[in-house]
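Trainee: I would like to learn how to read a structure like this one. Could you walk me through a few features?

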Amino acid sequence: MVRILIADDDASILELIHMYLTREGYSVHRARDGREAFDMLSDGKWDLIILDVMMPHMDGWELCMDIRRYYGDVPILLVTAKGEAEDKIKGFRLGTDDYLAKPFVPEELVMRVKALLRRYRIFAGESLTIGNVRLDASTKEADVSGTLQSMPAKEFELIYTLAGFPGQIFTRDQLIEKIWGHDYDGDERTVDVHIKRLRDRFSEENGFVIQTIRGIGYRIEVKTD
């Protein structure tokens, strides 16, 4: 069962999120401040953490940093009254994956939780192989015919997403949501830039090609002899 930890000093918000997420079948656990949440993190594996920013004893910024320092890449969703752009930027720099400002529509929170869980499950497998390239999700490395290549995180996530579904077309919007997150405010051309880098890195000699589907997006096609 998916385990979700919520940290918020507002009892009504805790109850609201708990109610909606338990309806979806998730195992939801509540912490009333950042310190309590941090203490609960050692209690088994967590699939998603939802944080408020303004909490006593340890705020969401500090908690987010400690989660990344000690618990790796568990997905983090910030739910907070602080909705200014600079706060979003700070959150993303500290390692949060998505951002939802209060007041929020509970159904939107549920959809964001599901999107984050889907995104992380794509990278939960240890590895996959496309052509003569083996992609290792644990190290973010590509093994090309026995030669290891370290890759920037977003490039790796992009190729891993496409390679996981050979022949399937992904729109730019789908790729942005899966890899950069729901609240990404940048230009969709960032996908095109990353695709160009991947094409520079991997040639047709590697046994696959990243195809542009004009006006739609991209897909990977495996070459056959």
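Mentor: Gladly. Keep in mind that this is a predicted model. Let us start with helix H1, whose buried residues are Ile13, Leu14, Ile17, His18, Tyr20 and Leu21.

Trainee: Which residue follows H1, and what is its phi?

Mentor: Gly25 follows H1, and its phi is positive, near 95°.

Trainee: Now to charged pairs. How many salt bridges does the structure hold?

Mentor: There are 18 salt bridges in the structure. To call one, look for a side-chain nitrogen of Lys or Arg within 4 Å of a carboxyl oxygen of Asp or Glu. Take Arg3 and Asp43: their closest N and O atoms are 3.9 Å apart, so the pair falls within that 4 Å cut-off.

Trainee: Is Arg3 buried or exposed?

Mentor: Buried means under 20% relative accessible area. Arg3 has 19%, so Arg3 is buried.

Trainee: Which residue does Asp97 meet in a salt bridge?

Mentor: Asp97 meets Arg68, at 2.9 Å from N to O. This pair also links distant parts of the chain, 29 residues apart: Asp97 is in the loop between helix H4 (85-94) and strand E5 (98-101), and Arg68 is in helix H3 (residues 60-71). Asp97 counts as buried at 9% relative accessibility, whereas Arg68, at 23%, counts as partly exposed.

Trainee: Where do Glu155 and Arg201 lie?

Mentor: Their side chains meet in a salt bridge, 3.2 Å from N to O. Glu155 lies in helix H6 (residues 153-163) and Arg201 in helix H8 (residues 189-201), so the pair ties together parts 46 residues apart in sequence. Glu155 is buried, with a relative accessible area of 6%, and Arg201 counts as partly exposed at 27%.

Trainee: Which residues are linked in a network of salt bridges?

Mentor: Asp8, Asp52 and Lys102 are linked in such a network.

Conventions:
Residues are numbered from 1 along each chain as its sequence is written. This is a predicted model: local features need pLDDT of at least 70, side-chain atom pairs count only at pLDDT 80 or more; totals for chains, interfaces and linings use all residues. Side-chain values use heavy atoms; hydrogens and water are left out. Buried means under 20% relative accessible area, exposed over 50%, partly exposed in between (1.4 Å probe, protein chains only). Helices (H or I, at least four residues) and strands (E, at least two) are DSSP runs, numbered from the N terminus.
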